[in-house]
Amino acid sequence: MTATDEIPAPGEAAANSVAAPSASSAAEHNPAVPSPGVSASSLESLAPLDDPDPDGLGNRSFVITWLLSLLFGFLGLDRFYTRRYRTGVLKLVSLGGLGIWWIIDLGIVLAGGLRCGRGPLRGFAQDKEIAWIATGLTLIVAYSLQVDELLSGLF
């Protein structure tokens, strides 16, 4: 008997759950068949789905990740938001790798390389052009206002 012989087809699992257990099935328990007194529908609700979120709505937002990376990337908030807690702590302690890690991560987010889980960030395809333009304008305005000299004068 192979392992695939022990696993019933989906239609057979419902048929086996209605039938009374025999003496041979009591000796050899099949985990794919519900125990007596337990309905199959209650077990199906506990089973993991193949794709619990096919639309990707449970994934993190690209716009929020981009804004966190742009404004608070030196604190690692973009990493915490995308559930990368270890690198978030490292980024927080090093203040964004003294700014280098911050800039690199901003580029990774804008290029679509930062993912949450296995899928891309939600809304990346629609909002990437706006994010690139807004980031470029922000850098131009910050440079023209000499924000770096203003910040160095405060510290």
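This is a predicted model: local features need pLDDT of at least 70, side-chain atom pairs count only at pLDDT 80 or more; totals for chains, interfaces and linings use all residues.
Local features need pLDDT of at least 70 and side-chain atom pairs count only at pLDDT 80 or more, while totals for chains, interfaces and linings use all residues. Residues are numbered from 1 along each chain as its sequence is written, and side-chain values use heavy atoms, with hydrogens and water left out.

On the fold first. The protein has eleven helices and two strands, counted as DSSP runs (H or I of at least four residues for helices, E of at least two for strands) and numbered from the N terminus. Along the sequence they come in the order α-α-α-α-α-α-α-α-α-β-β-α-α. Of the 155 residues, 21% are buried, taking buried as under 20% relative accessible area, exposed as over 50% and partly exposed as in between (1.4 Å probe, protein chains only).

Next, the rings. Rings of Phe, Tyr and Trp (its six-membered ring) pair if their centres lie within 6.5 Å, with planes under 30 degrees apart called stacked, over 60 edge-to-face and the rest tilted. That rule gives three aromatic pairs. Phe 74 and Trp 102 make a tilted one, because their planes sit at 55°, with ring centres 5.2 Å apart. This pair ties together distant parts of the chain, 28 residues apart: Phe 74 is in the loop between helix 5 (62-72) and helix 6 (77-81), and Trp 102 is in helix 9 (residues 100-111). Phe 74 is partly exposed at 28% relative accessibility, and Trp 102 is partly exposed too, at 24%. Phe 80 and Tyr 85 also form a tilted pair, 6.4 Å centre to centre with 40° between the planes; Phe 80 is partly exposed, with a relative accessible area of 26%.

At 0% relative accessibility, Asp 78 counts as buried. Its side chain makes a polar contact of 3.3 Å with that of Ser 69 (a pair of N or O atoms within 3.5 Å; within protein, one must be able to donate a hydrogen and the other to accept it, and residues adjacent in sequence count only if both atoms are side-chain atoms). Neighbours within four places in sequence aside, Asp 78 touches Thr 65, Leu 68, Ser 69, Gly 73, Lys 91 and Asp 105.

Definitions and conventions:
Contact means heavy atoms within 4.5 Å.
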